[in-house]
Amino acid sequence: EDIKQKERELGGKLPTALREVYLTFHEKDAVFSAPNDKIIPLDKLSVYQYDDYKLVSFLSASMGTKEIYQLGFLLDSTSEDDPYYAHYSFHKIDGRKFLSGFRIEEEHISSCLLNTLGWHLYNTKPNSIYVHSPIFSRLNTEDISSKFKLVLGVYPDEFLSKHGFIGYNEELSLWMVSGGTGSAWITIPNPNEIGKYMEQIGIMNYEW
């Protein structure tokens, strides 16, 4: 009912993946108050008019206390279940807010949200190691997916070309993030058993 009420206020439907985020996470969950990539809470969603576009921001990315960009969707595009998202930033002149750097990414909202939530999960883990291995190259998607269940959107190929990989090895309870360039960060539940974990997934070079 809260989502339906917000959609009436906005004058259009939320993308399916964003609706699922609000139905999955409690309003006090850290995904809505993270210091870096923060999903905007349902009650804070609003329409911003830019030329002929009606934009609704769903994610705010910050560095320290300074916001560096926002991601949003075009309200008239939500007849699609999973539209592309827009990337832009705001600046103020004489107290008025202006939008700059506006572009529509050729990537879907579901992929963006899964990437964001995957990083949130990774960042909750206390220990991680930095590894170098050709396994983590974009050219070796099959090798990676044989060792980690990849967290991807519905359109993985175009998403991987820019963002790399986030994955989970359920048997060993390992989270992994990689830019797809031959290196990765892997969380380690038990630092005393690093060698065993790495041997089991076939990694030879790693740093604490």
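Predicted model: local features only at pLDDT ≥ 70, side-chain atom pairs only at ≥ 80, totals over all residues.
Residues are numbered from 1 along each chain as its sequence is written, and side-chain values use heavy atoms, with hydrogens and water left out. Searching the whole structure turns up five salt bridges (a side-chain nitrogen of Lys or Arg within 4 Å of a carboxyl oxygen of Asp or Glu). Details on some of them follow.

**Lysine 4 and glutamate 1**
- Lysine 4 pairs up with glutamate 1 in a salt bridge, with 3.9 Å between the closest N and O atoms.
- Glutamate 1 counts as exposed because its relative accessibility is 69%, the cut-offs being under 20% relative accessible area for buried, over 50% for exposed and in between for partly exposed (1.4 Å probe, protein chains only).
- Lysine 4 sits at 44% relative accessibility, so it's partly exposed.

**Arginine 103 and glutamate 105**
- Arginine 103 and glutamate 105 form a salt bridge, their closest N and O atoms being 2.8 Å apart.

**Glutamate 193 and lysine 196**
- A salt bridge links lysine 196 to glutamate 193, and the closest N and O atoms are 2.9 Å apart.
- Lysine 196 is partly exposed, with a relative accessible area of 42%.
- Glutamate 193 comes out as partly exposed too, at 30% relative accessibility.
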